[in-house]
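Visitor: I would like to go through this model one contact at a time. Please show it first.

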Amino acid sequence: MMALGKLKKGKQTIIPGFKLTLGVSLAYLSLLVFIPLALVFVKSAELTFAEFWDITTNPRVLQAYKITFLTSLVAAIINCIFGLIIAWVLVRYSFPGKKIIDALIDIPFALPTAVAGIALTAIYAKNGWLGSILEPLGIKIAYYPPGIVIALIFIGIPFVVRTVQPVIEDLDQEIEEAAVMLGAYRLKTFVKVVLPALFPALLTGFTLAFARGIGEYGSVVFISGNKPMVTEIAPLLIMTRLEQYDYAGATAIAAVLLVASFILLLLINLLQWRMNRKISAQV
Amino acid sequence: MAGGKEQKARGRHISESKLTKVILILIAIFFVVVMIVLPLLTVLFEGLEKGLDVYLKALTEKDAFSALKLTLITALIVVPINTIFGVLIAWAITKFKFRGKQLLITLIDLPFAVSPVIAGLVFILMFGASGFFGEFLFQNDIKIIFAVPGIVIATLFITVPFVARELIPLMQQQGIQEEEAAISLGAKGFQVFFKVTLPNIKWGLLYGVILCNARVMGEFGAVSVVSGHIRGMTNTLPLHVEILYNEYQFTAAFAVASLLMVLAIFTLVIKGIVEWKERLQAKREAEYLYLESGA
């Protein structure tokens with residue numbers, strides 16, 4: 001790490017390939033990612049402001065945004081609570097099957113979203129394993145907004161666990177010791193000492209899960225039932241507009257969603273940058 | 001990403017009471033079982049519900065086979081391309097200091113942040129009938145949207161970050177001394193990469209490739225937008241699952257889904273092996289350094 005800090009500007013290193021690798025990387029990313037994404041805004045700019053406003057403030061569209069953001073928010077909060085408990089348990093305690101639990105946390109990363117979608121629907125549908133228990137109690141999940149939340153919890157849980165876990169591992173035991181010496185009880189130590197140290201990581205995990213939630217499509221479309229104004233999410237509405245060859249409509253709806261994603265991406269990077277700085281300051 | 005660090009035994013005064021521990025462990029296990037294990041079991045159970053014959057028939061049926069074929073073809077094209085570019089991007093970012101580097105790292109993540117549906121949409125805007133290149137493609141009779149090239153391009157977009165994201169922290173940590181030493185001893189660029197860098201990053205690279213592959217084969221949203229769902233032509237495995245499911249052929253849908261589930265589990269097994277190998281490598285290096293310093 002020290003050697004890196006001492007290195008001078010890029011051109012002076014003897015390692016070859018700077019122009020080649022950076023040039024090719026930028027060309028590839030521009031052609032494949034930046035220019036295509038910019039088209040969303042170019043295409044949106046073809047609309048007059050009034051047209052754009054009409055499309056994006058249409059009640060059905062507004063409701064879809066609301067459902068998307070609210071379900072993502074609820075799922076991300078739930079994931080923060082359970083993600084913290086899981087990460088804590090995986091780092092601090094030992095119990096049989098711990099390694100398996102740890103490995104299973106990555107399943108939502110690796111399992112195709114469509115597979116997750118149909119499996120969750122089967123579980124929470126009226127005749128499903130959990131649906132048949134919950135439905136008589138008046139709790140309807142599949143084809144209702146809670147179904148969307150369930151799908152987003154599934155999709156988001158690894159983000160929280162995997163951002164919080166390494167931070168718990170690196171927590172300084174001595175700080176907790178000191179708190180006890182100063183007379184704090186365990187719960188107080190946790191709330192006043194441990195939780196503030198974990199907060200940036202939790203917030204990063206929350207933002208990652210939330211960002212993933214608002215874009216999620218595959219796992220949600222099966223369980224949500226896709227009823228306009230009730231369980232229709234914004235990505236699905238884009239899909240519907242495309243199927244009706246309403247490209248202007250689809251693009252305008254996408255532009256708003258894209259701006260939200262950009263803001264979240266910036267936030268995530270800012271948080272991670274601050275976390276890294278804190279860590280290197282401690283070292 | 002998962003840590004293998006063993007925690008030192010903690011004194012009672014800085015740990016929770018036994019009861020709290022048991023409750024927290026039970027909550028964690030309950031969550032994982034209900035949210036993650038149950039869906040996996042459901043796929044298997046529903047797929048095999050009508051017996052092994054029906055299960056196998058769903059997998060060997062003509063449309064399933066062509067979906068499998070298209071999925072494999074897509075992976076064969078996309079994974080090598082994004083592996084090569086992922087390595088190039090990681091090399092540029094980790095071996096040099098230049099202005100705007102942080103911005104570039106952020107931009108690589110864009111495909112992670114963008115909804116898969118929007119990833120599909122942008123290529124419709126580009127190559128679709130009324131898109132920017134629509135006229136040109138139509139006149140030259142080139143089909144991209146609702147055809148295989150569209151699926152390949154959308155999947156390329158989605159999986160750009162995977163290899164680079166795995167490599168960047170790894171290569172950053174390893175620094176550049178070894179490469180500099182090799183070059184001052186007269187090694188050429190490619191020699192340095194294959195003889196010095198690659199052996200150091202091979203396990204991380206392998207995991208990046210496997211993870212990229214899993215996403216390529218499992219991608220649904222983006223591919224769904226550009227594919228046009230033409231049976232036997234532009235159907236990948238996840239799209240085939242959707243079609244079967246929407247036609248109420250649940251058993252067949254879950255049978256095909258179980259193939260994708262096996263892929264996911266295989267990916268995680270590789271991840272476990274890679275982490276184990278990395279720990280071994282780190283341990284060996286630590287021992288080596290220890291011997292060096294002792295001598």
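Visitor: Which residues in α9(B) meet α11(B)?
Guide: This is a predicted model. On the α11(B) side the partners are B:Asn200, B:Ile201, B:Gly204, B:Leu205, B:Tyr207, B:Gly208, B:Val209, B:Leu211, B:Cys212 and B:Arg215. The residues in α9(B) that meet them are B:Phe162, B:Val163, B:Glu166, B:Leu167, B:Leu170, B:Met171 and B:Gln174.

Visitor: How many nonpolar residues does the contact of α9(B) with α11(B) have?
Guide: Two charged residues and four polar ones take part in this contact. The nonpolar residues number 11.

Visitor: Are α9(B) and α11(B) roughly parallel or antiparallel?
Guide: Their axes come within 7 Å and cross at roughly 165°. Angles over 145 degrees count as roughly antiparallel. The crossing is also right-handed. Therefore α9(B) lies relative to α11(B) roughly antiparallel.

Visitor: Why is helix α8 of chain B largely enclosed by the rest of the structure?
Guide: The buried residues of α8(B), including B:Gly150, B:Val152 and B:Phe157, pack against α2 of chain A and, in chain B, against α3, α5, α6, α11 and α12. The helix covers residues 148–158, and it is largely enclosed because the buried ones among its 11 residues number nine.

Visitor: Which helix gives the largest share of the side of chain B that touches chain A?
Guide: The contact takes 83 residues from chain A and 84 residues from chain B. By class, the chain B side has 57 nonpolar, 15 polar and 12 charged residues. The largest share of that side, 17 residues, comes from residues 18–47 of chain B, helix α1.

Methods:
Residues numbered from 1 in each chain as written. Chains lettered and ligands numbered in written order. Predicted model: local features only at pLDDT ≥ 70, side-chain atom pairs only at ≥ 80, totals over all residues. Buried ≥ 20, exposed ≤ 12 C-beta atoms within 10 Å, placed from the backbone. Helix = DSSP H or I, 4+ residues; strand = E, 2+ residues; numbered from the N terminus. Contact = placed C-beta atoms within 7 Å. Axes fitted to C-alpha atoms, helices over the stretch in contact; angles between N-to-C directions. Parallel < 35°, antiparallel > 145°, perpendicular 65-115°, else oblique. Left-handed = near helix turned anticlockwise from the far one by under 90°. Nonpolar A, V, L, I, M, F, W, Y, C, P; charged D, E, K, R; others polar.
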